[in-house]
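Colleague: I have not looked at this one before. Can you put it up and take me through it?

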Number of protein chains: 2
Amino acid sequence: MKCMYCGCEDSKVMDSRATIETNAIRRRRECLKCGKRWTTYETVENTPILVIKKNGSIQPFNKNKIISGLIKACEKRPVSLTQIEDIANDIEKELRDSLTQEIRSIKIGDMVMERLKQYDEVSYIRFASVYRQFKDVSSFIDFLSDFNEN
Amino acid sequence: MKCMYCGCEDSKVMDSRATIETNAIRRRRECLKCGKRWTTYETVENTPILVIKKNGSIQPFNKNKIISGLIKACEKRPVSLTQIEDIANDIEKELRDSLTQEIRSIKIGDMVMERLKQYDEVSYIRFASVYRQFKDVSSFIDFLSDFNEN
DNA sequence: CAACGAGGCACAATATATTGTATAATAGGG
DNA sequence: CCCTATTATACAATATATTGTGCCTCGTTG
């Protein structure tokens, strides 16, 4: 592996240990040229999560779409960015764990609502009212999906 | 490494190749028990970037703080989420490449302004005007830092 | 539709990583 | 401030990964 300091092409492993969950391997590497050391992690490939929108088109899942929607819904409300990130991370984790190939955008909309309700009723209601113009709540996530192309 | 399918503790490497940039190693693994295969990547550890706020306190850099600030500044403006992400990613990359230990929040504020100006003058001006109440532009990033604790 | 690039698969010879054991340093929690 | 968890470091014996070559498939592109 290339040295992250001098750019030298070769490095050797000084130590390698499994992490607690054994889901990753931590290695301590040393550059063969400059002798500097650094740490690497070997982790399972993050296969993109694909989302099927209501019109049938497919888009890669984008956590920031959820975050941006929640930021607007929670403006001036006691929901911190950290909590918003938690919600989005939690949803991503659940989607990855589900192992389902087909994830429908309607499902993601439901997951956002379900979690937001637990954090702040007002944001939840605002969330619903802001997007009242949509036929149903699930359309919201399609709106988020479209945000990319505006 | 643990099998991502059956949870078995052991797997072996079938194939390992350096990626184009030699910044990572891609391995093809096979579970010794269930025989299923998957791909892993060994990459350099993402060491947290630490930001020194104006009052001297230190916080980990959080890309989402930049994104959330830009989302508000670019509402109803022709700046897409993708472009906002590009700005934030570009800043993170520059910070990582700088190898500077000390990154002051004022610097990040400047970097955001500099890039936003290139994307959309109106958002840039709004950005400046919204935060006019602060003594100077650089205080904005401290505001973002505080968003976590609101 | 042909060309191309990327990824998956296989094999064999060689070089290198892994693992246990042990000590020290550091950061976070109580 | 101490206890604990995590990471860094070292060493030695053993097991395993790496690398070149070649072929196939799939998706993208001109």
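**Strands, then the interface**

Modeller: Start with a pair of strands: the bridge partner of Lys12(A) in β2(A) is Glu30(A). Helices (H or I, at least four residues) and strands (E, at least two) are DSSP runs, numbered from the N terminus. The model is predicted: local features need pLDDT of at least 70, side-chain atom pairs count only at pLDDT 80 or more, and totals for chains, interfaces and linings use all residues. Residues are numbered from 1 along each chain as its sequence is written, chains are lettered from A and ligands numbered from 1 in the order in which they are written, and side-chain values use heavy atoms, with hydrogens and water left out.

Colleague: How many bridges join β1(A) to β2(A), and which way do they run?

Modeller: Seven, and the two strands run antiparallel; β1(A) covers residues 11-18. Two strands count as paired if DSSP finds at least two bridges between them.

Colleague: And how do β2(A) and β3(A) pair?

Modeller: Also in the antiparallel sense, over seven bridges. Ile25(A) stands opposite Glu42(A) in β3(A). The hairpin of β2(A) and β3(A) has five residues between the strands, and there Gly35(A) takes a positive phi near 80°.

Colleague: Is β2(A) mostly covered or mostly open?

Modeller: Mostly covered, as six of the eight residues in β2(A) are buried. Buried means under 20% relative accessible area, exposed over 50%, and partly exposed in between (1.4 Å probe, protein chains only).

Colleague: Zoom out. What does chain A consist of?

Modeller: Chain A has five helices and six strands. From the N terminus on, the order is β-β-β-β-β-α-α-β-α-α-α. Of the 150 residues in chain A, 43% are buried.

Colleague: What share of the contacts in chain A comes from residues 24 or more positions apart?

Modeller: 47%, among contacts with a separation of 6 or more. Contact means heavy atoms within 4.5 Å.

Colleague: Now the two chains. How much area is buried between chain A and chain B?

Modeller: About 3200 Å², with carbon and sulfur atoms giving 55% of that. Buried area is the accessible area (1.4 Å probe) that two parts lose on being put together, summed over both. Met1(A), Glu42(A) and Leu81(A) supply 17% of the area that chain A buries against chain B, more than any other three residues.

Colleague: How many residues take part from each chain?

Modeller: 36 from chain A and 35 from chain B.

Colleague: How many salt bridges lie between them?

Modeller: Four. A salt bridge is a side-chain nitrogen of Lys or Arg within 4 Å of a carboxyl oxygen of Asp or Glu. Glu42(B) and Arg29(A) meet this way through their side chains (2.8 Å, N to O).

Colleague: Which elements of chain A supply the side that touches chain B?

Modeller: β2 (24-31), β3, α1 (63-73) and α2 (81-98) of chain A each supply at least two residues. The largest share, seven residues, comes from β3(A). By kind, the residues on that side divide into 12 nonpolar, 12 polar and 12 charged. Here Ala, Val, Leu, Ile, Met, Phe, Trp, Tyr, Cys and Pro count as nonpolar, Asp, Glu, Lys and Arg as charged, and the others, Gly among them, as polar.

Colleague: What does β3(A) pair with in chain B?

Modeller: Strand β3 (residues 37-44) of chain B, in the antiparallel sense over five bridges. Glu42(A) stands opposite Glu42(B) there.

Colleague: Take Thr40(A). Buried or exposed?

Modeller: Thr40(A) is buried, with a relative accessible area of 0%. Thr40(A) sits in β3(A), residues 37-44. The side chain of Thr40(A) makes a polar contact with that of Glu42(B) (2.5 Å). A polar contact is a pair of N or O atoms within 3.5 Å; within protein, one must be able to donate a hydrogen and the other to accept it, and residues adjacent in sequence count only if both atoms are side-chain atoms.

Colleague: Now Ser11(B). What does the side chain of Ser11(B) reach at 2.7 Å?

Modeller: The backbone oxygen of Met1(B). The Ser11(B) side chain also makes a polar contact with the side chain of Arg29(B) (3.3 Å). Ser11(B) lies in β1(B) and is buried, at 10% relative accessible area.
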